[in-house]
Structures are given as C-alpha cells and as structure tokens.
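Please examine the sequence and the model shown below.

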Amino acid sequence: MERKQIAELIIQCLEEVLSEMDESDNPGNPDPAGLSESTPLLGRKSMLDSLALVTLIVSTEQTLKERQGISVTIVDERALSMEKSPFRTVGTLADYVWTLVKETLAHAE
Amino acid sequence: MPNDVMLVTGTRKGIGRFLAEYYAAGGHRVIGCSRQPPDWSHECYEHVIADVSNESDVKRLLARIQKNYGRLDVILNNAGIASMNHFLLTPAQTAEKIIGTNFTGTFLICREGARLMMKHRRGRIVNFSTIAVPMSLEGEALYASSKSAVETFTKIIARELAPYGITCNAVGPAPIETDLIKSVPPDKIQRIVERLAIKRLGTFRDVANVVDFFIREESDYITGQVLYLGGA
C-alpha cells in the first residue's frame, strides 16, 4: 500500500460525506472533482461541520479496514497532542494515516 | 425485524441467554459473546469468546460481524457483573472490574458497533441499567454507580448518534432470579420488591418486552430514554 492510495481513499470518503450533507448545511459544496490534498478539513474554509468531520474519520477507518484489512485508530492521544493538527487538510490527514498504517504493518511483521 | 443482525453481550446464561434464544427463535441472526463458552446453541446463533472490557476483544468481535454479515442492526449491551457489598469493604480491584465490564464494556461495544450501523443509517442500541439506580440501594454502590454511568452515557450518545439514524435507550430491570443476585439474602430481595409499585420479581419476558419496544421499526422517534421495570 502507498500513501497516494490513502489520500485517494480519504477523498472518496469525503465525497461521500459531502454528498450526504444537506445543501443548506453546505452551500459552498464544490464539484467533487475539485477535491484535492489541499482541501481544508478544519477552520472557516472547511466545508465540514464537526459532525461531518467525525463521519469522515470513522468512514476512513472503516473503509481502510474493509478494503485493505488494516485497522487503525486515527484519533488517538498522539493525534490530539500534536502541535499542528493532522486534521487540517486532506493531505495532512493522509500523512498521519499513512504513518499509522506503516506502524501497523511493521508491528504485524 | 426478522433477519436483523443482532449482537447480545453476556449470553452464556441469565437474561443474555434468554434474549439471544428468544431473538434467534424469532428469526434474527444473533451473535453473542461471553468470556466462557456457553452450554447451549441455536441454528441462528453464533458465539464468540470475548471480554467486553477488553478493547482488542471487542474490535475482533465487531470485525467478525462485519466480515460474516456485513452489517449490524441491533445491540443489546447485557453483559454485566455485580458485587453486593458495603462500599467500606469494597476492594479497588472489584470496583475496577465492575466499572470495566458494566461501563467500559458498554462504551466499547457501542463505539465499535455504532461504526458498523452508521454506514446503513439505521440501528438500535439497548443498554442495561438497573432499578438500583433510582432506588439508591444500599450495598450496591459500585454496581449502581457503574449503571448510572451507563445511563448518562446512553442519554448523551443518543444525541450523538441520532444524525446517523441510530437510537440508544436503556432498560432497568427489577431483581430477576439470576446468578447476579444469588449472593443477595432473600430478605433483602424481598425488601426491594416491597418498594416497587408492582410487588413481584421481574422475569426475563418483562425485559424482552421492553427490548421489543425499543428495537421495533416504529420506535425510531424514541431515544435517550431509560425505562425501569416494576415501577421503581
């Protein structure tokens, strides 16, 4: 598995979460094709409310488990205590999940 | 609903066994768990050895449900332990075990189970409290406190899970003839029964009746509620 696959998986999950949000909750809902690693997940520029971010994280974990058989816990003590949150953008989240995946695979060997 | 996939914890004996057999006979696909293997079986029942207070066990249990059934419709968080004693004589280790199984176990099963339910935007969770909470029964400080935590947890996650179409309620049984109360002196049980509005011991069927109500399709507007039996 490569980091790029994780970023793609997160974008797919994000598309799903955005499609389930009411238009009234998400008036700026962009074309899903416009989603990229620089898409913000936190802050004023994010299209997600807090519930949608929770849904995205759980969906990412579940999809990773279903497709790759890899079980990770994204929100752990380390993620919450990092100076720069790993939940800032799709790219930073992919970086963090990739770190967790590498650790999980190394631990399994 | 028939064919629903249901997880019942603590199914080796007592209320858990009754509920597992009852819903398996009713056409549900029932997955049960306990720390020790059961001495019973049913064609619609699958048993998994798991300690609900152990995070790895719970994750393995839910991964198996996801793999074998692809979904989860109902959770009955029945697994529980008790230790009736004056709190002044309660060891810390006993307190940890009670909190671990009754509260942490309920939390872990809800967390991992709700993740499966979220995908289908539908689910029913029934947690188990006790009449010892509203009746503040002496000798049950740790047990009742762990169940108070379950009640608060139930009410809060009911709100957090509502956007996903998942309801979460709790049932508070009155004393029933099970191993859980076998160490309680008969006269104490009788005094508890005398304080109920309906002065008799509870039955497994009384509990199943409340669970039936909470999990039925039409109960999709009922969440965050605790229903005590016997008029506690």
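The points below treat the interface, then the sheet, then the salt bridges.

This is a predicted model, in which local features need pLDDT of at least 70 and side-chain atom pairs count only at pLDDT 80 or more, while totals for chains, interfaces and linings use all residues. Residues are numbered from 1 along each chain as its sequence is written, chains are lettered from A and ligands numbered from 1 in the order in which they are written, and side-chain values use heavy atoms, with hydrogens and water left out.

**Interface between chains A and B**

- Ten residues of chain A and eleven residues of chain B make up the contact (heavy atoms within 4.5 Å).
- About 940 Å² is buried between chain A and chain B, and carbon and sulfur atoms give 40% of this area; buried area is the accessible area (1.4 Å probe) that two parts lose on being put together, summed over both.
- On the side of chain A, the most area is lost to chain B by A:Leu51, A:Gln62 and A:Glu66, which together account for 40% of what that side buries.
- Three salt bridges are counted between chain A and chain B (a side-chain nitrogen of Lys or Arg within 4 Å of a carboxyl oxygen of Asp or Glu).
- One of the residues named above, A:Glu66, forms a salt bridge with B:Lys119, with the closest N and O atoms 2.6 Å apart.
- Helix α2 (residues 50-68) of chain A supplies the largest share of the side of chain A that touches chain B, namely eight residues; helices (H or I, at least four residues) and strands (E, at least two) are DSSP runs, numbered from the N terminus.

**Sheet of chain B**

- Seven strands of chain B form an open sheet with parallel pairing, in the order β3-β2-β1-β4-β5-β6-β7; two strands pair if DSSP finds at least two bridges between them.
- The edges are β3 (45-49) and β7 (226-228) of chain B, each with a single partner strand, so one side of each has no neighbour in the sheet.
- Strands β1 (residues 5-9) and β2 (residues 29-34) of chain B run parallel and are joined by five bridges.
- Within this pairing, B:Leu7 has B:Ile31 as its bridge partner in β2(B).

**Salt bridges beyond the interface**

- Over all chains, the count comes to 20 salt bridges.
- B:Arg60 and B:Asp57 meet through their side chains in a salt bridge (3.5 Å, N to O).
- B:Arg60 and B:Asp57 are separated by about one helical turn because they lie three residues apart in helix α2 of chain B.
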